[in-house]
Amino acid sequence: MTSIANETQSAKKERKPITVVSVLTNKWFLYAVSLTFFFGLWDYVAYKKILGSSLARPLEVLDYMGYMINHRLAGNSLWGHAWASTRRILIGFSIASLIAVPLGLMMALNKYVNAIVKPIFDLMKPMPPIAWISISILWFGIGEPSKVFIIIIGTFVPCLLNAYNGVRLVEPELYDVVRVLGGSRRDEILQVCFPAAFPAIFAGLQISLSVAWTCVLAAELVSARSGLGYVIIKGMNLGRPAMVLGGMVAIALAALLTSQLVGFLEKVLCPWKREIEGL
Amino acid sequence: MSFEEVKVTKEPLMVILPIISIIAFFGIWQSLLSFGVVPSSLLASPLQVLKLFIAKWTQVNPDGALLTTHMWTSIQEAFTGYILALLVGIPLGLAMGWFPIVEGLARPIFELIRPIPPIAWIPLTIFWFGIGIPGKVFIIWIAGIVPCVINSYVGVKMTNPVLIQMARTYGASSWQIFTKICIPSALPMVFGALQIALAYCWTNLVGAELLAADNGLGFMITMGRRLAMPDMVLLGMAMVGLTGAVIGVVIDAVEKRLLAGIRR
């Protein structure tokens with residue numbers, strides 16, 4: 001009876017007796033089982049060489065990451081490569097968001113801007129950013145600018161789309177309120193539009209960031225002398241699975257770190273987000 | 001009661017502006033090359049791209065396959081990976097949303113794999129599968145499975161708790177609640193995943209083909225770069241965009257048909 005009626009009030013905690021079933025269905029227990037199984041299987045497959053020598057054991061990967069931190073590969077330690085990738089992303093990402101977000105806001109607020117920009121944007125939108133790699137190498141060579149260009153292209157689309165939709169999906173009642181209170185068009189934009197569109201803009205930035213990682217890796221896989229993409233492609237060419245996997249782990253960590261950073265920025269810059277979500 | 005049809009006449013300027021914008025875009029592009037502002041080794045004019053597009057229907061050279069062959073290879077790879085991703089990802093996500101055991105077991109592994117961009121798997125897949133179709137399907141599968149799992153999971157989690165409690169009150173079993181209430185109410189989210197997953201798959205297909213392929217649209221773009229033929233690069237890009245857009249429209253139509261009765 002309690003389980004039905006109190007479902008929504010489960011915050012009322014009562015100490016339950018520890019039974020076999022409650023241990024077996026405990027979240028943390030299951031997490032532990034799952035991770036043990038995952039790493040166990042990985043280790044077993046690598047140890048028994050079921051996939052040939054193309055998989056490194058988890059501890060070998062860790063070892064190799066330590067090795068890469070202390071030894072330079074093409075002039076950079078692992079930190080250097082991670083920073084090379086991250087720097088490209090930060091540069092491209094900032095340029096793209098500084099152009100795309102205002103443009104998206106303008107498109108949503110002004111129908112003439114919308115009528116001019118939207119068709120061209122729609123034309124470019126379905127083209128995956130990775131398809132631009134070849135043309136950007138033709139234009140900028142294989143140096144830094146071509147990678148930044150790819151990232152700008154890739155991050156531009158989600159930034160602009162989310163800023164645009166964020167403003168368009170603002171609840172019309174909010175405008176009505178401002179108008180009733182005698183607000184001008186300027187008040188409408190500054191007091192309603194921007195604050196209400198902010199969470200959507202930040203969601204766009206998060207999407208952009210994951211696209212940016214895909215782009216920078218693709219660009220580095222095709223041609224680079226530094227960066228985490230270079231590490232894994234080098235590992236492939238040298239036939240060292242530990243290097244490839246170590247690079248992948250570093251990529252995952254770096255990607256996680258940058259997205260946490262944007263999440264943190266969002267919390268600082270836009271503390272009203274939760275209230276809007278609750279509406 | 002009769003309804004009066006409201007006629008919305010668009011301002012003529014709003015109709016003309018998009019057309020002008022498109023024409024200006026292609027016009028500037030064409031004139032950049034016609035007047036030699038940009039050397040033809042860097043960019044091909046729209047007309048050149050169009051010419052190559054027509055030629056590639058019948059001409060195998062210089063990249064070794066017809067345009068249709070490239071497209072067919074790409075579509076085949078993308079769809080195999082996409083469908084496999086749907087088949088695994090959606091049931092997994094739904095089950096993760098409802099059964100705590102499945103969530104407890106699958107979630108940590110999923111969270112470990114999720115932050116790695118699918119492109120980063122390319123070197124490993126080349127170790128494992130070589131450069132043939134299976135490797136690319138694997139990359140696309142990884143790319144597609146993430147949005148499928150997340151959306152179906154969130155879809156189930158967002159089920160209205162009142163409905164679940166009502167079903168419990170009437171004595172429905174856990175399995176019945178899952179199949180009769182949670183899955184239908186998650187459907188709109190699941191269909192949202194179809195579009196997102198497709199976009200991911202298509203992006204990563206190009207990435208996989210750029211690196212290791214002997215066929216396909218991504219390969220065509222790479223060949224264009226290696227042969228220093230900007231028109232071929234641009235044709236490849238245009239075809240990738242066009243095919244992706246067409247598939248997106250088709251999925252949108254299917255989604256509308258299937259979800260006709262569900263209010264969103």
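Modeller: One term comes before the rest. Two residues are in contact if their C-beta atoms, placed from the backbone, lie within 7 Å. Keep in mind that this is a predicted model.

Now take B:Ala197. This residue lies in helix H8 of chain B, which covers residues 174-211. Is B:Ala197 buried or exposed? Count the other C-beta atoms within 10 Å: there are 27. A residue is buried if that count is 20 or more. B:Ala197 is therefore buried.

Which residues touch it? Leave aside the neighbours within four places in sequence. B:Val137 is 60 residues from B:Ala197 along the chain. The C-alpha atoms of the two are separated by 14 Å.

Stay in chain B and look at a helix pair. Helix H9 of chain B holds residues 217-226, and helix H10 of chain B holds residues 230-258. Their axes are 7 Å apart. The packing angle is about 160 degrees. Angles over 145 degrees count as roughly antiparallel, so H9(B) and H10(B) are roughly antiparallel to each other. The crossing of H9(B) past H10(B) is left-handed.

Which residues make this contact? H9(B) brings B:Leu217, B:Met220, B:Ile221, B:Met223, B:Gly224 and B:Arg225. H10(B) answers with B:Met232, B:Val233, B:Gly236, B:Met237, B:Met239 and B:Val240. By class, nine residues of the contact of H9(B) with H10(B) are nonpolar, two are polar and one is charged.

Now step across to the partner. In chain A, 48 residues are in contact with 47 residues of chain B. Several helices of chain A give two or more residues to that side, among them H3 (27-47), H6 (111-124) and H10 (185-222). The side of chain A that touches chain B has 37 nonpolar, seven polar and four charged residues.

Last, chain A as a whole. Chain A has 13 helices and zero strands. Its C-alpha trace spans about 75 × 70 × 30 Å along the principal axes. The radius of gyration of chain A is 25 Å, whereas a compact globule of 279 residues would have one near 19 Å. Buried residues make up 39% of the 279 residues in chain A. Now take the contacts in chain A with a separation of 6 or more: residues 24 or more positions apart account for 70% of them.

Conventions: Residues are numbered from 1 along each chain as its sequence is written. Chains are lettered from A and ligands numbered from 1 in the order in which they are written. This is a predicted model: local features need pLDDT of at least 70, side-chain atom pairs count only at pLDDT 80 or more; totals for chains, interfaces and linings use all residues. Axes are lines fitted to C-alpha atoms, for helices over the stretch in contact, and angles run from 0 to 180 degrees between N-to-C directions. Helices (H or I, at least four residues) and strands (E, at least two) are DSSP runs, numbered from the N terminus. Angles under 35 degrees count as roughly parallel, over 145 as roughly antiparallel, 65 to 115 as roughly perpendicular and the rest as oblique. A crossing is left-handed if the near helix is turned anticlockwise from the far one by less than a right angle, and right-handed if clockwise. Ala, Val, Leu, Ile, Met, Phe, Trp, Tyr, Cys and Pro count as nonpolar, Asp, Glu, Lys and Arg as charged, and the others, Gly among them, as polar. A residue is buried if 20 or more other C-beta atoms lie within 10 Å of its own, exposed if 12 or fewer, and partly exposed in between; C-beta atoms are placed from the backbone. The radius of gyration is taken over C-alpha atoms; the globule rule is 2.2 Å times the number of residues to the power 0.38.
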